Amino acid sequence: MKKREKKIVITFHTTTDAMAMERYCKKRKEPGRLIPVPGTISAGCGLAWCVLPQEREHLLKVMEEGDITPQACLLYTHDAADDLPCVDLGGRRIIKKKNNI
């Protein structure tokens with residue numbers, strides 16, 4: 001099981017906003033990455049930007065400079081449920097099942 005780590009998860013109203021964040025941050029070589037919204041969080045488009053907590057203030061300034069509006073900026077702690085072999089689709093967890101025939 002993974003060590004419980006705190007992360008900042010920034011959610012967006014639309015996929016367009018999330019993709020704009022990814023483009024802007026990659027262009028500027030900013031920290032973080034685009035991830036599916038964790039299943040324990042309910043958010044608009046199902047995508048979020050994830051960074052370490054110490055990057056929060058810097059990233060909020062970057063979003064302001066890039067005219068990017070987040071839906072929410074949340075402190076998230078990794079949950080053991082995230083280790084499940086599954087796919088997260090817009091907040092719904094689809095678990096891969098083994099077929100025993």
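1. Contact here means heavy atoms within 4.5 Å. Helices (H or I, at least four residues) and strands (E, at least two) are DSSP runs, numbered from the N terminus. The model is a predicted one, in which local features need pLDDT of at least 70 and side-chain atom pairs count only at pLDDT 80 or more, while totals for chains, interfaces and linings use all residues. Residues are numbered from 1 along each chain as its sequence is written, and side-chain values use heavy atoms, with hydrogens and water left out.

2. Overall arrangement. The chain contains two helices and six strands, in the sequence order β-α-β-β-α-β-β-β. Among contacts with a separation of 6 or more, 71% join residues 24 or more positions apart. Of the 101 residues, 28% count as buried; buried means under 20% relative accessible area, exposed over 50%, and partly exposed in between (1.4 Å probe, protein chains only).

3. Helix H2. Within H2 (residues 56-65), the residues Leu59, Val62 and Met63 are buried. They lie on the same side of H2 because they cover an arc of only 100° around the axis, the arc being that of the directions from the helix axis to the C-beta atoms. The exposed residues Lys61, Glu64 and Glu65 are carried on the face turned away from that buried side. After H2 comes Asp67, which has a positive phi, near 55°.

4. Packing partners of H2. The buried residues of this helix pack against strand S1 (6-11), helix H1 (15-28) and strand S3 (47-51).

5. Nonpolar cores. A nonpolar core is a set of buried Ala, Val, Leu, Ile, Met, Phe, Trp, Tyr and Cys residues joined through side-chain atoms within 4.5 Å. The largest has 14 residues, of which Ile10, Phe12, Met21, Trp49 and Leu59 touch the most other members. S1, H1, S3 and H2 are the elements that give two or more residues to this core. Apart from it lies another core, of eight residues, including Ile41, Ala43, Ala48 and Cys50.

6. Met21 and Met63. Which residues does Met21 touch, not counting those up to four places away in sequence? They are Phe12, Trp49, Leu59, Met63 and Ile68. Met63, in helix H2, is buried, with a relative accessible area of 1%. Leaving aside neighbours within four places in sequence, Met63 is in contact with Ile10, Met21, Ile68 and Pro70. Met63 and Met21 are 42 residues apart along the chain, and their C-alpha atoms are separated by 7.6 Å.
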